[in-house]
Amino acid sequence: MTAPLERIPQQRLDKLDRLCASGIDPYPPRYQRTHTSEGAKALLAEQEKTGGDQPAQVSLAGRITAQRSMGKALFLDLQDGSGRIQLLLRNDLVGLEHYEFAKVLDIGDILGARGRLIRTRTGEITLDVVDFSLLAKSLQPLPEKWHGLVDVEKRYRQRYLDLISNAEVRDVFRKRSKVVSAMRSFFDSRGFLEVQTPVLQPRAGGATARPFITHHQALDQDLFLRIALELHLKRLIIGGFDKVYEIGPAFRNEGISARHNPEFTIMESYEAYADYNQVMSMVEELVAHVACHVVGGTRIEFNGQAIDLEPPWRRVSLREAVKEGAGLDFEDYHDAASLRAKMEQMGMTADPAKSRGKLIDDILDAFVQPHLIQPTFLLDYPVEMSPLAKRKPDDPRFVERFEGFCGGMEIANAFTELNNPLEQRERFTEQQKEREAGDEEVQLPDEDFLLALEYGMPPTGGLGMGVDRLVMLLTGQSSIRDVILFPQLRTKE
């Protein structure tokens, strides 16, 4: 392995040594800036608009991203969190000694600069510098600005370089923040209470997934990273909070793909005295609200497809969608063996350990989901696919559940919640049988949740929404890794 100092270019180490030897602190503890780069630009524009005096001196700070020397003047591009601004350093204004020092600054160094705002002959707003200070010496060269950072793995492993080099990446993550903010404003305006529930849990429930396991030393007990937020949020409904929501991380020990990351962000909401029809209408309104807040409207483009998120969305039963997409009616196959045989006739690989419900889910993934480009709700799932959802009163083979799809991927999952504790125990028992048959991703009984349910939970509509996938849609990103600041990667030696 390369020693830490061997990774640093010798030229930059030499400059650092010379700075220290001359009494300059290359990493001072503070700098007082008065404006951001965009704030400074706005200040000059407003001054020009009102016809007032030239703006007072401002102090800016940021990273040097470009250098251009023109005779006795030096132009630097300074980038901060708001944008980029040009600096002009003239030897007659900053002094010859400072000017010579400026010429040995490196791209990547962080600088503080004070001066007056002017416009150059080309009309570019520029800080005419009278004084500057080095705030942090960069010991590593940045990627070449005109090429940007295009190495995909390096972009994910060294996200800070990606953010420095690519303005469009910074914009994606600003929009991600706006998505979360808009979600909060939507639920807060409807009287929902934002809460926090445990990440470490004695049982991993609320979804069908393999959990991560850790060990608590003091308790001498294995704990699970949560795979969903559902069971604790429903405890709060039982406790008397009629409307609750949470936005936070969940963890699933599953494969990594363009749409799956082991750690992801989920939003779940639960509303007493609501059902899945009311939740469905709420999802349409939520997504439209977020889109208007983040991108200015409901029309977006994703993977080259024009999509309109304006309500109402298309509604179709899961059964009809599978008939249309795969050419089969899964109700003609009442057990896993017969459905598996049919799938193999269709050329699909059917896992012998999977239940009928999971095989139907595989058919949905292969034949239906990729074609759901415009926002669509699939309704009414077989009961074995949804152990936490309430049966339909007119057809107990199915439950009151919907999934919301857009851009060929699932973005929402919702139920009329099962609130009969005896039936919920039976459903968990059936899941346990599937686990004993070899399925490691089924939901295990949670006795504490069942006890809470025995005290009585009102009719409730519940929703889970993938925040990362919604961000993907609204920013036009085809990989979940491009909307997660630090996606999971295999560790490099």
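1. S479 has contacts with Y156, A258 and M472, leaving aside residues up to four places away in sequence. The model is predicted. S479 sits in the segment that follows α15 (467–475). Is S479 buried or exposed? Its relative accessibility is 14%. Buried means under 20%, so S479 counts as buried.

2. Next, the barrel. Five strands close it, in the order β1-β2-β3-β5-β4. The pairing is mixed. On average, neighbouring strands of this sheet are turned by 50° against each other, direction ignored.

3. Strands β1 (residues 58–70) and β2 (residues 73–79) run antiparallel. Seven bridges join them. Q67 stands opposite L76, a residue of β2.

4. Which strands does helix α4 lie across? Helix α4 (residues 96–103) lies across β1, β2, β3 (84–90) and β5 (125–136). It runs at about 75° to β5.

5. Now the nonpolar cores. The largest has 47 residues. M183, M267, V283, V290, F402 and M465 have the most contacts inside it. Helix α9 (residues 276–295) gives the most to this core: 10 residues. In soluble globular proteins, nonpolar side chains tend to be buried together.

6. What does M465 touch? Leaving aside residues up to four places away in sequence, its contacts are M183, T265, I266, M267, V283, L286, V287, I411, A412 and L470. A second core is separate and has 45 residues, L231, A326, F415 and L450 among them.

Conventions: Residues numbered from 1 in each chain as written. Predicted model: local features only at pLDDT ≥ 70, side-chain atom pairs only at ≥ 80, totals over all residues. Heavy atoms only, no water. Pairing = 2+ DSSP bridges. Helix = DSSP H or I, 4+ residues; strand = E, 2+ residues; numbered from the N terminus. Axes fitted to C-alpha atoms, helices over the stretch in contact; angles between N-to-C directions. Contact = heavy atoms within 4.5 Å. Buried < 20%, exposed > 50% of the residue type's maximum accessible area, 1.4 Å probe, protein only. Core = buried A, V, L, I, M, F, W, Y, C linked by side-chain atoms within 4.5 Å.
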